[in-house]
Amino acid sequence: MALKLNAINFQSPKCPSFALPPVASVRSPKFFVASTLRSGSKEVETVKRPFNPPREVHVQVTHSMPPQKIEIFKALEDWADNNILVHLKPVEKCWQPQDFLPDPSSDGFDDQVKELRERAKEIPDDYFVVLVGDMITEEALPTYQTMLNTLDGVRDETGASPTSWAIWTRAWTAEENRHGDLLNKYLYLSGRVDMRPNGKTFRYLIGSGMDPRTENSPYLGFIYTSFQERATFISHGNTARLAREHGDLKLAQICGTIAADEKRHETAYTKIVEKLFEIDPNDTVLAFADMMRKKISMPAHLMYDGRDDNLFDHFSSVAQRLGVYTAKDYADILEHLVARWKVANLTGLSADGQKAQDYVCGLPPRIRRLEERAQGRAKQAPKIPFSWVHDREVQL
Ligand SMILES: [Fe+2]
Ligand SMILES: [Fe+2]
């Protein structure tokens, strides 16, 4: 087993790099200069670069899956062909961003844009802050494709590999690419947001990458993606619901259509992990517990607009307050996955496996209790200006 610990200058925010949105978030100082090793993370002094602001880093653990386990994924090639690729939609039947946007080649384009902008006027700024954060999260897709291609045994070795795993990753990316594309075009036409800082945030985020701590292991990686696809399904579902409440049925349709894609992707990823539980329950439950102990970091947790060092926390606070993605959702997703994978029913586990099983099964109620306590202590949050909406102030 090749376990390597590489401390490299990779960014990660000081604030929780988890999907738990902060209730009253801890604010981190501007930049870190300490270089003390803590459990599982390291803060490193770095030179501020114009494309990559320095942040805390985790110790980078790589290739933690024993190499012989790669054979499991080779053996699952045909299974993935028959069971996973079926969750992709043929391109000819896929929706396109154009289906939901004014048609620039039609005579009615100007009127359609005017109508879109009239509807957008009825929607408050806090909603747009969340929608911009969601758009930037979606647009950082190159990072997620890279992340999938870090996984041993399933990565696209050539860029055009014919394995089922590589086909999935490329086609999944192609499907996902429409999400950021559609939201970006909608937001541009809405006239409600400042596209320049939005573009800067995207550039910084791509430059930063992400730190999901999946250690090149497809066990950890597919648990992570199962969680994340469900999180994005919930989040886009809630922005659809809120758009409807604000009377914008077309925007509701946009967000709802994206949510439906996320659901389909969640189905595929949870099936892969279900299969791993079937053939290798002990290591899969250990991976599940490991991922949850490290906490699931949101894909865009390193976002930065060139100004706000706590931008992700601020965006998360607004998303939490609007009910788009909350700490309760985090607990609900975990509970859902524990039930989906029938973790409580696993038998024949090692002593460590049983401990991991107890840990993940007991975690959702513990998160809920912590969340309720944090809610009880939460003070009225301040309003802050967001560059994304022309520096207008939005309540956190
Ligand atoms: Fe997406
Ligand atoms: Fe997705």
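Which side chain does the side chain of Ser387 join through a polar contact of 2.7 Å? The partner is Asp305. A polar contact is a pair of N or O atoms within 3.5 Å; within protein, one must be able to donate a hydrogen and the other to accept it, and residues adjacent in sequence count only if both atoms are side-chain atoms.

The model is predicted, so local features need pLDDT of at least 70 and side-chain atom pairs count only at pLDDT 80 or more, while totals for chains, interfaces and linings use all residues. Residues are numbered from 1 along each chain as its sequence is written, chains are lettered from A and ligands numbered from 1 in the order in which they are written, and side-chain values use heavy atoms, with hydrogens and water left out.

Ser387 sits in the loop between strand S6 (383–386) and strand S7 (392–395). Helices (H or I, at least four residues) and strands (E, at least two) are DSSP runs, numbered from the N terminus. Ser387 has a relative accessible area of 10% and is therefore buried. Buried means under 20% relative accessible area, exposed over 50%, and partly exposed in between (1.4 Å probe, protein chains only). Beyond its neighbours within four places in sequence, Ser387 is in contact (heavy atoms within 4.5 Å) with Asp194, Pro197, Asp305 and Arg307.

The model also holds an iron ion (ligand 1) and an iron ion (ligand 2), 3.5 Å apart. Glu176 coordinates both. Donors are N, O and S atoms within 2.8 Å of the metal (3.2 Å for Na, K and Ca); water is not among the atoms, so sites may look incomplete.

Glu176 in helix H6 (residues 164–190) and Glu262 in helix H9 (residues 249–279) are 86 residues apart, a pair that links distant parts of the chain.

The iron ion (ligand 1) has protein donors 2.1 to 2.5 Å away: Glu138 (OE), Glu138 (OE), Glu176 (OE), His179 (ND1) and Glu262 (OE). These donor residues follow the spacing E-x37-E-x2-H-x82-E. Glu176 and His179 share helix H6, where three residues, about one turn of the helix, separate them.

Glu176 is buried at 5% relative accessibility. His179 is buried at 0%. Glu262, with a relative accessible area of 1%, is buried.
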